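Hi,

Here is the structure I promised to pass on.

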Amino acid sequence: MTGALSGKTVALLATDGVEQVELTTPWDKLRQAGAKVELVSLESGSIRGYHHLDKGDLFSVDKTVNEVTAEQFDALVLPGGLANPDALRLNTEAVDLVKHCVQSDMPVAAICHAPWLLVEAGVVKGRTMTSFPSLRTDINNGGGHWVDQAVHQEAGIITSRKPDDLEQFCDALIAALG
């Protein structure tokens, strides 16, 4: 599959508190498939990954949310963790980026707690999706329908529950981009 995504640019939107494996696994798989991957965050510099509650590595930010538009990307990946999507959903520019990416019909992939951003962007109404189980009520209250599946794909939005689902999550994302 190397090179299958050559010419494609994918944004990974994350900030401090991102679940590290949910950032690094899609990043690595997308790059192996030939895509250019850019880390987009709230501020320039670096962000801190986490392994659940334990500090992980630092990752250099390529661009900030106020420096990008949806049109610059072919797909958007929203890694989870608890603190990461919670902080992002409080930032208007981050929420607007998510909303515009969904509205432009590009693949948008969200795992774990990241569907909070989809709820905040107002794009879950009438859609079926999955997430970490604690988001079920949020998705349902946003007008969506929550299901307990390793990966669910509907109308360009790919969702998964947790790190154990990363293999299927990445496969669905790469297939949607290819």
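Predicted model: local features only at pLDDT ≥ 70, side-chain atom pairs only at ≥ 80, totals over all residues.

Residues are numbered from 1 along each chain as its sequence is written, and side-chain values use heavy atoms, with hydrogens and water left out.

Helices (H or I, at least four residues) and strands (E, at least two) are DSSP runs, numbered from the N terminus. Seven strands form an open sheet with mixed pairing, in the order S6-S3-S1-S7-S8-S12-S11; two strands pair if DSSP finds at least two bridges between them. S6 (63-64) and S11 (151-154) are the edge strands, each pairing on one side only. S1 (residues 9-13) and S7 (residues 75-78) run parallel and are joined by three bridges, and Val10 has Ala75 in S7 as its bridge partner.

Now to helix H3, which covers residues 92-103. Its buried residues (under 20% relative accessible area, 1.4 Å probe, protein chains only) are Ala94, Val95, Leu97, Val98, Cys101 and Val102. Seen down the axis of H3, they fall within an arc of 155 degrees (taken from the directions from the helix axis to the C-beta atoms), so they line one face of the helix. After H3 comes Asp105, with a positive phi near 65 degrees.

Happy to chat whenever you like!

Definitions and conventions
Expected span 1.5 Å × (residues − 1). Buried < 20%, exposed > 50% of the residue type's maximum accessible area, 1.4 Å probe, protein only.
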